Amino acid sequence: MVVLQDESMDKERARIEAMRARAQARTARFMDSRLRTMGIDKEYLDRQIYEKQETMRLEREADMQEAESIRQTVASMEQQENVKNAAKARELQELRATLDEQAQLPKNNALASNGEIDLTRCGASSVQVFSGEDNGYNDRRKAQQEELKQWTSHQMEEKAESVREERENAMNYDKVVLEQNAISCHQAQQDEYRRSELKRAVQAENAARAEEERRMRRLEEKQLAETHRAHVGSQHSNPFLSEDTDYAKSAISDHRVRPDHFKGFSNDQVQLLVKGNADVLAEKMAAKKEAEMKEAEWNEYQEDLLRAAEELDRQKDEEKREQIRQQNEELQAQREELKKKQEQMKRDRFGAIGQGFFQGFGTSCR
């Protein structure tokens, strides 16, 4: 492999040197004004194409040589490996034949399992007692297995009891959380009902006050109109005021009166005064209607404010219920995550015994 690397490095070095030589020749040609040509240099392009083709041919030949060298190296390595494997197989076969031959000797078949010793077929080594020989191994192993079974069953019972206690604690916690949620929801409903009752009472009181004010205003207007009609009627029927007023006219001018003969205003003047008073009353009525319209608009504005306040309170209550629901969901998710973590921690702490754990007792580990 080192030879192949050296050959590839030499080829790469030669390729780099050729590229540098071509670059230097090209630079020298460009710097020489006698050799430099304007436009396309066909001769140089043809030479460049020939050099490129020659380079590709040389590279292909080098690649073929490298592939042939690699193939020969691989064939040599495979031949050496086959020789080594054949020698190892012969050694194993000779060793197996030697072991089979030794196994046929009487000294290797003298004892039977749990049988009597045949002294005629045993050698001197059969009377040996090895240090560490334990005849109560089977009984002790059974006792250990029984003890391990009891321990595992006790651990499983303790684990089941702890799981049951955790489940009861979780159920009690869930009950407490549900009771708290129910209490909070009931309290929220009661608060909402009290607010709605208070709003309805305030609205009803405002409506009653507005109606009473309108009724008192209509009564006052009615009384004022009756008083005005009675006053006008009394003025028209009063004999003193209804006397002929022509005697008060002055002989000098129609628009002048005699103070000593003044009997009151003429009918035209009275009508003019009445018309002026009627205009004043009309203005008052218009102002009154405008005030009523403003009052109605104010009442509508107050009702709109109440409706907006109720809508805002309703939205706040919905947001509060949504927050409570999200909190409950987060608490539930946290409880489930905590329960899973506790279960995983307990499993990691005590471990687990699979179904095939007890099947391995009494069997060889080889």
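Colleague: Which pattern does the protein chain follow when it is read along the sequence?
Modeller: In this predicted model, the protein chain has 4 helices and 0 strands. Read along the sequence, the pattern is therefore written with helix symbols, strands counting as DSSP runs of at least two residues, and it comes out as α-α-α-α.

Colleague: What share of the residues of the protein chain count as buried?
Modeller: A residue is called buried when its relative accessible area is under 20%. The accessible surface of the protein chain comes to about 32000 Å², with 55% of that belonging to carbon and sulfur atoms. Of the 366 residues of the chain, the share that count as buried is 6%.

Colleague: Is Val163 buried, partly exposed or exposed?
Modeller: Val163 is found in helix 3, which covers residues 137-237. Its relative accessible area is 32%, and the class in between runs from the buried limit of 20% to the exposed limit of 50%. Because 32% falls between those limits, Val163 is partly exposed.

Colleague: How many Å apart in space are Val163 and Lys346, C-alpha to C-alpha?
Modeller: Along the sequence, Val163 and Lys346 are 183 residues apart. In space, taken from C-alpha to C-alpha, the separation of Val163 and Lys346 is 9.5 Å.

Colleague: Of the contacts with a separation of 6 or more, what percentage is accounted for by residues 24 or more positions apart?
Modeller: A contact here asks for heavy atoms within 4.5 Å. Among contacts in the protein chain with a separation of 6 or more, residues 24 or more positions apart account for 49%.

Colleague: Which residues make the nonpolar surface patch of about 320 Å²?
Modeller: One of its members, Tyr301, is found in helix 4 and is partly exposed, with a relative accessible area of 44%. Patch residues need over 30% relative accessible area, so Tyr301 at 44% passes that cut-off. The patch as a whole is made by Trp298, Tyr301 and Leu305.

Colleague: How far apart are the end C-alpha atoms of residues 193-222?
Modeller: An unreviewed UniProt entry places the feature "coiled-coil region" at residues 193-222. In the model, the chain over residues 193-222 is 100% helix and 0% strand. The end C-alpha atoms of this stretch are apart by 43 Å.

Notes: Residues are numbered from 1 along each chain as its sequence is written. This is a predicted model: local features need pLDDT of at least 70, side-chain atom pairs count only at pLDDT 80 or more; totals for chains, interfaces and linings use all residues. Side-chain values use heavy atoms; hydrogens and water are left out. Buried means under 20% relative accessible area, exposed over 50%, partly exposed in between (1.4 Å probe, protein chains only). Accessible areas come from the Shrake-Rupley method with a 1.4 Å probe; for residues, only the protein chains shown count as cover. Patches are made of residues with over 30% relative accessible area and no salt bridge: like charges are joined within 9 Å, nonpolar side chains (Val, Leu, Ile, Met, Phe, Trp, Tyr) within 5 Å. A salt bridge is a side-chain nitrogen of Lys or Arg within 4 Å of a carboxyl oxygen of Asp or Glu. UniProt positions are given in the numbering used here, feature names are shortened, and annotations may be inferred rather than shown by experiment.
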